[in-house]
Amino acid sequence: MLLAVVFGAVIGLALGLLGAGGSILAVPALVYGVGQPLQTAIPTSLAVVAVSSLGALLPRERRTAVRWPVALVFGAAGIPAAFGGAALGKLVPQRWLLLAFAVLMVIVAVRMLRGGENHTGACRTQQGGINWRTCLPKSVLSGATVGVLTGLFGVGGGFIIVPALALLLGLGAQQAIATSLVIVLINSVAGLAAHAGTAGSIDYRVLLLFAGAALVVSVVAAGWATKLDASTVRRWFAFVVLAVAVFVAVAAVVNPSALG
């Protein structure tokens, strides 16, 4: 049970500081750290991510940075896609699903290591607004992609949302992080609903410990976010994600029985 608290704290830390990344560790932590079968770990992960993203939104300066129209467009596109991702996940053998998850983790880590804000192709107008005619299709596509990943793997998708908000819409760092948290919350709740059939298998003691630690740490970390060097935090977290990706891939091949 101590591992549930530790992993929950790590997830809360990443979401509070970066608005992304923490959920990518939730499923492997629950499968290999806590010993849950994959079909239980995914809805548990989604519940933890929903709670921790809500906690990261509690500070007033974080809430005021949210671009609500953007968040609602991304979130609305992700809701039906989350159900599609959950349905797709039932068709894929669990070993291959976890191997695909390891590949996703490597992509996330590489994206984090590259870092930086690049506003090329941003949809901002000269007046500082957003040109929705140009950006709406890209926003809907990005939101749907995140929704599929949420339903398929039990991740919040902030690692895609944050760079998409910066690249497509030209949001600043704090706006992108805050808006990402709202989208992650929407997608996680949608993904949890899509996995309602397996929600009965959730160990609520593990969930409470995991989510409680994530919530407390995400609230504290959100207050630190403007004081720490985000690029340094992102780089070190990327190394952790890479190490876990290697472990997940090897374990899925060598010990598939751990998946339940």
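Me: OK, what's the secondary structure of the protein chain?
Reply: Keep in mind that this is a predicted model.

Me: How much of the protein chain is buried?
Reply: Of its 260 residues, 50% are buried.

Me: And the core, which residues have the most contacts inside the largest nonpolar one?
Reply: That core has 71 residues, and the ones with the most contacts inside it are Ile24, Leu98, Phe101, Met105, Phe153, Leu165 and Leu169. Helix α6, residues 94-114, gives the most to this core, with nine residues.

Me: What about contacts between residues at least 6 apart in sequence, how many of those join residues at least 24 apart?
Reply: 86% of them do in this chain.

Me: Switching to the outside. What does the accessible surface come to?
Reply: About 11,000 Å², and 71% of that belongs to carbon and sulfur atoms.

Me: Which residues form the nonpolar patch on the surface?
Reply: Leu2, Val5, Val6 and Leu209, with about 320 Å² of accessible area together. Helix α1, residues 2-18, gives the most to the patch, with three residues.

Me: Leucine 2, then: buried or exposed?
Reply: Leucine 2 lies in helix α1. It counts as exposed because its relative accessible area is 66%, and the cut-off for exposed is over 50%.

How values were computed
Residues numbered from 1 in each chain as written. Predicted model: local features only at pLDDT ≥ 70, side-chain atom pairs only at ≥ 80, totals over all residues. Heavy atoms only, no water. Buried < 20%, exposed > 50% of the residue type's maximum accessible area, 1.4 Å probe, protein only. Contact = heavy atoms within 4.5 Å. Areas by Shrake-Rupley, 256 points an atom, 1.4 Å probe, with all protein chains shown as cover. Patch = residues over 30% accessible without salt bridge, like charges linked within 9 Å, V, L, I, M, F, W, Y side chains within 5 Å. Salt bridge = Lys/Arg side-chain N within 4 Å of Asp/Glu carboxyl O. Helix = DSSP H or I, 4+ residues; strand = E, 2+ residues; numbered from the N terminus. Core = buried A, V, L, I, M, F, W, Y, C linked by side-chain atoms within 4.5 Å.
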